[in-house]
Amino acid sequence: MDYEALFGQAVDKLRAEKRYRVFTELARNCGSFPVADNYSGIGPAKITIWCSNDYLGMGQHPAVIEALQQGAAQFGAGAGGTRNISGNSHAVVELEAELADLHGKEAALAFMSGYIANQTSLSTLAKLLPGCIILSDADNHNSMIEGIRQSGCERLIFRHNDVAHLEELLKGLPAERPKLVAFESVYSMDGDIAPIHAICDVADKYGAMTYLDEVHAVGLYGSHGGGIADRDNAMQRLHIIQGTLGKAFGVVGGYIAGSKAMIDAVRSYAPAFIFSTAMPPAIAAAAAASVRHLKTSQAERTRHQERAATLRRMLLNAGLPVLVNQSHIVPVMVGDPALCKAASDMLLADHGIYIQPINYPTVPRGTERLRITPTPVHTDAMMQDLVAALLDVWQRLGLSRKAA
């Protein structure tokens with residue numbers, strides 16, 4: 001058996017379908033983001049990043065850096081093992097208290113990534129509810145889909161953000177069976193926003209629990225940065241809120257927040273939590289500093305919304321095919337995987353602009369795009385350069401000006 005040939009064939013298939021992912025080697029330098037050093041050998045040595053999920057630039061905030069440095073000096077670099085065996089780090093416990101407070105919940109539980117938080121929590125919670133049926137939005141993230149699949153529970157898919165379809169499905173289920181409705185607040189590719197109150201109304205009517213992924217909203221929306229549910233005064237209506245520390249908070253990690261009983265159940269039954277090395281205390285300290293800052297500071301959120309609105313307006317005025325939404329995500333539609341990759345390559349090589357192509361399976365075939373995420377530190381001059389670069393690439397590739 002030629003195992004290496006089989007691996008090569010699998011990769012060649014991705015290349016043939018124009019879905020092979022090329023990682024661009026960059027170095028983010030603290031204080032200069034979104035400008036970074038390009039080590040890929042393609043394009044200028046200095047490039048501007050336009051697709052980072054460090055939405056507010058908190059990864060270089062002085063308070064976050066100081067907390068990380070002090071945490072490493074005080075606690076060391078690593079966690080030493082699992083929380084059960086090596087001890088429950090005081091810094092992680094403090095972070096979880098901050099997160100519970102952020103969402104107005106009794107407790108929270110930290111994981112090493114948002115993906116693991118979703119995958120582990122959904123699979124564990126559903127297994128603990130005898131006969132549970134999970135109702136999942138059609139556009140849910142892969143981490144949620146995997147968690148639901150691994151639960152082994154019956155699952156039903158409701159059309160994206162379609163509350164009437166959700167109610168139709170719930171209405172047909174036995175009243176005595178546990179039900180869990182899983183959805184997101186901001187959907188990361190189209191940037192559209194869920195009708196949280198309407199979903200909660202239907203879930204309450206049929207006795208279903210609600211699980212909300214706020215990964216692309218925490219830190220960015222609401223009076224305290226608690227996400228869309230915070231903005232819409234809906235946090236107390238949700239049973240479980242999941243979020244990340246690796247996007248708007250600028251560090252790394254994921255979490256869930258909810259009742260003490262629910263959090264204790266996941267902590268006690270989830271293998272990926274029980275058997276995984278804990279979050280390093282220094283990382284927890286940095287994340288807690290970021291959460292604390294964004295609970296009280298509106299400056300970053302206000303600037304971020306203004307920057308996103310300004311760029312969207314500039315792109316639309318230039319006649320580029322922007323998928324319009326009410327969030328901070330600015331998708332520019334291409335509609336072809338090869339052309340999307342070509343556009344990304346040309347932006348980097350000829351203009352020093354870094355935007356990764358978004359192709360299938362991240363988005364449906366025919367909706368390939370450049371997903372742009374402006375931050376508070378992107379300037380007007382950077383935006384003007386981006387618009388000019390996109391116009392040049394669109395002309396040279398003969399790309400459509402109509403949004404899909």
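Helix axes are lines fitted to C-alpha atoms, for helices over the stretch in contact, and the angle between two of them runs from 0 to 180 degrees between their N-to-C directions. The views below show a predicted model.

**View 1. Helices H2 and H12 cross in the predicted model.** Helix H2 covers residues 62–75 and helix H12 covers residues 281–296, and their axes come within 7 Å and cross at roughly 155°. Because angles over 145 degrees count as roughly antiparallel, H2 is described as roughly antiparallel to H12. The crossing of these two helices, H2 and H12, is right-handed.

**View 2. Residues that make the contact of H2 with H12.** On the side of H2, the contact is made by Ala63, Val64, Ala67, Leu68, Gly71, Ala72 and Phe75, while H12 contributes Pro281, Ala282, Ile283, Ala285, Ala286, Ala289 and Ser290. Sorted by class, the contact between H2 and H12 has 12 nonpolar and 2 polar residues, with no charged residues.

**View 3. Cysteine 30, an exposed cysteine.** A disulfide is a covalent bond between the sulfur atoms of two cysteines, and the structure holds 0 disulfides. Cysteine 30 is accordingly in no disulfide, and the nearest cysteine sulfur, which belongs to cysteine 51, is 19 Å away. With a relative accessibility of 56%, cysteine 30 counts as exposed, because the cut-off for that word is over 50%.

**View 4. Cysteine 153, a buried cysteine.** Cysteine 153 is likewise in no disulfide, and the nearest cysteine sulfur, that of cysteine 132, is 4.9 Å away, whereas a disulfide would need the two sulfur atoms within 2.5 Å. The relative accessible area of cysteine 153 is 13%, so this residue is buried, the cut-off being under 20%.

Notes: Residues are numbered from 1 along each chain as its sequence is written. This is a predicted model: local features need pLDDT of at least 70, side-chain atom pairs count only at pLDDT 80 or more; totals for chains, interfaces and linings use all residues. Side-chain values use heavy atoms; hydrogens and water are left out. Helices (H or I, at least four residues) and strands (E, at least two) are DSSP runs, numbered from the N terminus. Angles under 35 degrees count as roughly parallel, over 145 as roughly antiparallel, 65 to 115 as roughly perpendicular and the rest as oblique. A crossing is left-handed if the near helix is turned anticlockwise from the far one by less than a right angle, and right-handed if clockwise. Contact means heavy atoms within 4.5 Å. Ala, Val, Leu, Ile, Met, Phe, Trp, Tyr, Cys and Pro count as nonpolar, Asp, Glu, Lys and Arg as charged, and the others, Gly among them, as polar. Buried means under 20% relative accessible area, exposed over 50%, partly exposed in between (1.4 Å probe, protein chains only).
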